[in-house]
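Dear colleague,

I am passing on the structure we spoke about, and you will find the sequence and coordinates just below. My notes on what turned up follow after that.

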Amino acid sequence: MSLDEDARWLEWVTKQFESIAGDDKEIDLDEFKTALKVKESFFAERFFALFDSDGSSSISLDELLKALDLLIHGNETDKLRFLFQVYDVDGSGSIDPDELRTVLKSCLRESAISLPEEKLDDLTLALFESADKDNSGSITFEELKAELENFPEVMENLTISAANWLKPPSLEQKKRKTPRYLTRAYWHNNSRKLFFLCLYALLNVLLFIVAMQKNAHGGPWFMVARGCGQCLNLNCTFVMVLMLRRSLTWLRATWVVRILPLDQNILLHQIVGYAILIFSIVHTAAHVLNFARMSQNDGMYQLWEYLFTTRPGIGWVNGTASITGVVLQVLICLMVVCSSTFVRRSGHFEVFYWSHLSYIWVWALLVVHCANFWKWFVVPGVMFLIEKIVGMAVSRMGGLYIVEVNLLPSKVTHLVIRRPPFFHFKPGDYVFINIPAIAKYEWHPFTISSAPEQQDVLWLHIRSMGQWTNRLYEYFRQPESQTISNKRLTASLRNRRHQSRAQEEIFKSASYNGTVASNKDDAVELTLYRSSVTRTSSQKPVSDPEAQVDLGQPPPAPRELTAKLSENHRYCNIKCYVDGPFGTPTRQIFTSEHAVLIGAGIGITPFASILQSIMCRYRMRKQNCPSCNYSWCETIKDNEMKLRKVDFIWINRDQKSFEWFVSLLTKLEMDQADEEPEGRFLEMHMYMTSALSKNDMKAIGLQMALDLLAKKEKRDSITGLRTRTQPGRPDWAKVFQKLSEEKKGKVHVFYCGAHALAKVIKAQCEHFGFKFYKENF
């Protein structure tokens, strides 16, 4: 730091100290714990003891400044010695195994990671044996320093971790950056959307001007009202066109997708909705001002008569234009308010759903309100009606039943639905589902998480975030429903067994022919995996939520009805209706060269389907040497799959969320047991945001131990995957920089998850010139 920065830092720390210490000018242990914001008191007590140099059970400003000065301005050795003193609980000058275990246990709690005691022992031994170079039974400072030098990323930001809570604001003056919407990268990556919006705006302006000129005889307010009215004719029909899901799904398979922004139809629908609100408000206000002028000039009718009665005879249906206009304005405002993000994302989706159904009344009133609206409405209206009829026919054809339910961590409901033979979909598609037992008239959209290669079932993973989804979860938490017919269930299970046996041999020969294990552990896994497919006595327990992720293979035949199922797993026969499938931007994945799939939390669901389908096609290209066990994958491009590389990034808040699809990811890793000549086709990257990062003093030891044990056991201790789970949030700049350096072709980024994170990722994609797609439905 410079002298000015030093002075500002000193002033900042003093101010923070005064706010924490209060009137007594001393910080006690409780105040220190609150300020440090640690979950585990062990670290607060250790830091406090080291800061309290005089042993007075309180920290003065001088003691605080001295300790922080060492951590921020001190050299590397000073910082490491502080860390060593934290770990040396008894102050003996060395760290024994029990002390290290105590520290790692506190690290686990601080990072919200739950591991068995045996695994904690393994972690302790892994780190201790690696650090104790002379096998003396204790770790000295020099040995800890030598061990830490093997982890350069830990040393990089060790300073910030201990003093982050008293770190002054950034001293760098923020440079004036070019607004994002004016950058060349933004216009390049959003060219189709911006071109379309320009055409849309130009069309509205032309309609407005032409309508004003035609009605110049009525005065300025009348001209404005008629201009807005003509724009409303366009927008009130176009808003419907943007939601013709079947037509848009069909267009996604044509050349039109390269010209029109079909993947952003939801965003455009919202823009048009806001345009309708603005035009309607201006239209209404202009008519009110015109009626006020007319009531003052001719005096035949009062203003309220113009607005709320049919006496003036305005309108082509019994003079009802004013009354229908007032009702329309109320309905449009209600629809827009109830469609806001706050309503939809706050657990009140039903408010949005039911208020949005008033579009039927809006169209009916518009036909009555405006003499020319039917001319704009007739073609889109017929298309809309056809789509609705087709949707009703598709959803009612054949009896669909939920045949299996798994209740997963974090209130996720995994539904297994019997798939009708005529139902064909693409990876990443979504459907609308109606379950009369939950709500008779409500339809909700969810992504299909199973692969198209699974012929007899559909999977849906549903996170409980609103009233309907919570009712769904609670419904299956109840004791076995009395409405299920035992005979019908028995017949259903027998039919599924029959289908399973019929496809078993095909699956074995086509999907797993020639798969080779690279070591003894792989051989054991592969044996268990094949056993689960062939239904031998070593079959994987069916209670495992993900035990059925066998590509191209139906789930294992259910156990006999007399077998006791687990509390969170049941077989059932519950009627449901499905409308779809509907396409999403993820259909572009197979035409990409380098696809980056980013799922946040339950946003993994579309990628679960996609990854299964990708790996199924990957295995079809896999070649095996007839004279040895070597296997490789041919890098062949075709019209259906141009992929050369797939990077999958899954970000979860907690450890339990990984359980949703851990078995699927394990099997995908097994498919790539052998190294490919050009590197792995599929690379997975797991992040756990609740875990403290590697450069945090409260997590350094744990992350070192996890790294060492992962190398030893060849699997991650948190998820059981070979892929190491990274703590904290991804550094997107570094992630995308690495992707750009791989040179595997054009990078297309596909994202499903929270909107806030989407903005961050989209900004990085624009910076690196990557194409960005966000899942919307």
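Let me begin with Glu147, which is buried, with a relative accessible area of 1%. Please keep in mind throughout that this is a predicted model. Glu147 forms a salt bridge with Lys133, and the closest N and O atoms of the two are 3.4 Å apart. The pair links distant parts of the chain, since Glu147 belongs to helix H8 (residues 141–148) while Lys133 sits in the loop between helix H7 (117–131) and H8, 14 residues apart. Lys133, for its part, counts as partly exposed at 49% relative accessibility.

Salt bridges

The count of salt bridges comes to 14. One of them joins the side chains of Glu305 and Arg311 at 2.5 Å, N to O; here Glu305 counts as buried at 10% relative accessibility, whereas Arg311 is exposed at 51%. Another is formed by Asp716 and Arg724, with the closest N and O atoms 3.7 Å apart, and in this case Asp716 is buried at 3% relative accessible area and Arg724 is buried as well, at 13%. There is also a network of salt bridges that links Lys645, Asp647, Glu683 and Glu742.

The parallel sheet

Six strands make up an open sheet with parallel pairing, in the order S12-S11-S10-S7-S13-S14. Strand S12 (725–727) and strand S14 (771–774) stand at the edges, and because each has a single partner strand, one side of each is left without a neighbour in the sheet. From one strand to the next the twist averages 20 degrees. Within this sheet, strand S7 (residues 594–600) pairs with strand S13 (residues 747–752) in the parallel sense over six bridges, and His594 stands opposite Val747 in S13.

Lys698 lies in the loop between strand S11 (682–688) and helix H27 (700–713), and at 9% relative accessibility it counts as buried. What may interest you is its relation to Leu83: the two residues are 615 residues apart in sequence, yet 9.4 Å apart in space, C-alpha to C-alpha.

The antiparallel sheet

A further open sheet of six strands has antiparallel pairing and the order S4-S3-S6-S1-S2-S5. Its edge strands are strand S4 (444–447) and strand S5 (457–463), each of which pairs on one side only, and the twist averages 40 degrees from one strand to the next. Strand S3 (residues 430–434) and strand S6 (residues 569–582) run antiparallel and are joined by four bridges, with Phe432 standing opposite Asp579 in S6. Helix H22 (residues 467–477) lies across strand S1 (400–408), strand S2 (412–418), S3, S4, S5 and S6, and runs at about 75 degrees to S2.

A nonpolar surface patch

Finally, a nonpolar patch on the surface is formed by Trp316, Trp374, Val378, Val379, Val382, Met383, Ile386 and Val390, which together have about 730 Å² of accessible area. Met383, one of these residues, is found in helix H21 (residues 373–396) and is partly exposed, with a relative accessible area of 35%.

How values were computed
Residues are numbered from 1 along each chain as its sequence is written. This is a predicted model: local features need pLDDT of at least 70, side-chain atom pairs count only at pLDDT 80 or more; totals for chains, interfaces and linings use all residues. Side-chain values use heavy atoms; hydrogens and water are left out. Two strands pair if DSSP finds at least two bridges between them. Helices (H or I, at least four residues) and strands (E, at least two) are DSSP runs, numbered from the N terminus. Axes are lines fitted to C-alpha atoms, for helices over the stretch in contact, and angles run from 0 to 180 degrees between N-to-C directions. Patches are made of residues with over 30% relative accessible area and no salt bridge: like charges are joined within 9 Å, nonpolar side chains (Val, Leu, Ile, Met, Phe, Trp, Tyr) within 5 Å. Accessible areas come from the Shrake-Rupley method with a 1.4 Å probe; for residues, only the protein chains shown count as cover. A salt bridge is a side-chain nitrogen of Lys or Arg within 4 Å of a carboxyl oxygen of Asp or Glu. Buried means under 20% relative accessible area, exposed over 50%, partly exposed in between (1.4 Å probe, protein chains only). Contact means heavy atoms within 4.5 Å.
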